Amino acid sequence: MLRDKAKSGGSAAPGKVERVALVDSPTRVAPLTSAKDPPPYGAQHRQDALWEGGNEALPPLWQQFKEWNGSTQYQDNILIMTSWKQPLPGVRLDVPGQLLISACEWHISPLGRSYFVNHDTRTTSWKKPVPDRPVGSLTPECVIEGHSACIWSLACAGTSCNIMSASSDGSIRQWIRDGEPVGEPWRSDGPEVASLAMCPDESMLVSGTTDGRLRLWNVKGSNVVGDPWEGHSAQVRCLDWSPNTREVASGSDDGTIRRWNPNTGRQIAPPIETGHGRVCAVKYSPRGDKFASGGEDSIIQVWSKDGKLLIDIKGHDSSVRSLCWSKDGAHIFSASRDRTIRKWQSIDGKELVVLRGHTNTVTSICLTRGERHLVSASADVSVRIWNLETNEQVGDPLWHDDELLALAISSDESYIASAGLDRKIYVWSLEASLKQSGDQVHVRAHCVHCCCQPNL
């Protein structure tokens, strides 16, 4: 997950948790690794760190941060992986179920690079282990490459059916479905772009970055409109436009939801202190008279247009990462770190359906326009399609090469776009996916905007 930048070496910064050495001896040992090869299998015993600062410092390109509940996590900014344990040689960094291959462990070399141990094959590798793609599984129509870092958010433009992507490389890019870029990348002047949302009339796009700012973009001109919108004190994790385009809602790691006038870039009401910890999802109802939010506290909250809490919806066992409303506003769909997708009555929070099948965090969900199908993306490196009439998975999963963070469906329902840590956008034929499973889809001739943002 993206976090605010923290000091990556030396003694702990003020307000940060003191780093405690796990090895008493300051003696340095010869490294068991090189820039080319990870330590050999069986060498995962405790050693001293050989990076600058040794055991008292974080490895290069790592950061530590406090969670909303006061606990400390450590992140490898290259792999975008987090651990509850301080990264030191000889310390297993993963917890059971974190890696997709159960026989594997995550360690760090004495020189400060993450690597993985496979006990089945008795080998080590710099590459994070992922399951082999099953023989005969559906292949994407197109794989789009161009970003130099992970992709956190996607949207599909209705009239053009182009794909918009936001990345840790600090850029927003527009692509034709066949993978050709449209114009030059849009740059955020440094900060990583963590979220984006397309205006319903497709004239504007709003983005959120790790510095807590929002930026408004003119889609046709590919340029920033006015100054950044300021108010959040941490990463902007999720965004949504009201159906009438008069408001933008943003959710942040600072625990607040803020609503903005896109014409002025100013907040239209006091910030809402949600109690979520991090706000991972925010979504307006189809009528725009209320909005829903979800976050690290595992609770879905429904708010009135004037910011009053209407209902808490409880049932998930871990953080809520993505939300969708049914088009009549009667139901809310949610995706969670507990690996489930759930359907709720929006009026009273009654749980109606639980969809199970993903084996890791469900990061993003989208409904098809007819609401017969729901599409989900997960950290288990798969996209899955669900039939909402039978509440069962349709066909086989669509496989990526790394964890998925972002998902969008074209408004003509001809394709699914998915992306994540491998920096690639996969374009899948929805019709081919359903046909392979024996299901059917009617592809509409017209294009209406559809957009989903991931919530990490």
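The exercises below, each with a worked solution, concern a predicted model.

**Exercise 1. Strand β10**

Determine whether strand β10 (residues 171-175) is enclosed or open, and say which strands pair with β10.

Solution. 
Step 1. Look at burial along the strand. Five of the five residues of β10 are buried, so the strand is largely enclosed by the rest of the structure.
Step 2. Sort the side chains by direction. Ser171, Arg173 and Trp175 point one way from β10, while Ile172 and Gln174 point the other way. In a regular strand, side chains alternate between the two faces of the sheet.
Step 3. Find the pairing with strand β9 (residues 163-167). β9 and β10 run antiparallel and are joined by four bridges. Within this pair, Gln174 of β10 has Met164 opposite.
Step 4. Find the pairing with strand β11 (residues 186-187). Two bridges link β10 and β11 in the antiparallel sense. Here Ile172 has Trp186 as its bridge partner.

**Exercise 2. Ser207**

Locate Ser207, decide whether Ser207 is buried or exposed, and list residues that Ser207 touches.

Solution. 
Step 1. Ser207 belongs to strand β13 (residues 204-209).
Step 2. The relative accessible area of Ser207 is 1%. The cut-off for burial is under 20%, so Ser207 is buried.
Step 3. Leave aside the neighbours within four places in sequence. The contacts of Ser207 then include Ile172, Val193, Ser195, Leu196, Arg213 and Leu239. Ile172 is also a residue of β10, treated in Exercise 1.
Step 4. Trp217 is another contact of Ser207. The side chains of Ser207 and Trp217 make a polar contact at 2.9 Å.

**Exercise 3. Arg278**

Describe where Arg278 lies and which side chain makes a polar contact with the side chain of Arg278.

Solution. 
Step 1. Arg278 sits in the loop between β20 (272-273) and β21 (279-284).
Step 2. With a relative accessibility of 5%, Arg278 counts as buried.
Step 3. The side chain of Glu296 makes a polar contact with that of Arg278 at 2.5 Å.
Step 4. Compare sequence with space. Ser319 is 41 residues from Arg278 in sequence, and the C-alpha to C-alpha separation of the two is 9.2 Å.

Note on methods. Residues are numbered from 1 along each chain as its sequence is written. This is a predicted model: local features need pLDDT of at least 70, side-chain atom pairs count only at pLDDT 80 or more; totals for chains, interfaces and linings use all residues. Side-chain values use heavy atoms; hydrogens and water are left out. Buried means under 20% relative accessible area, exposed over 50%, partly exposed in between (1.4 Å probe, protein chains only). A polar contact is a pair of N or O atoms within 3.5 Å; within protein, one must be able to donate a hydrogen and the other to accept it, and residues adjacent in sequence count only if both atoms are side-chain atoms. Contact means heavy atoms within 4.5 Å. Two strands pair if DSSP finds at least two bridges between them.
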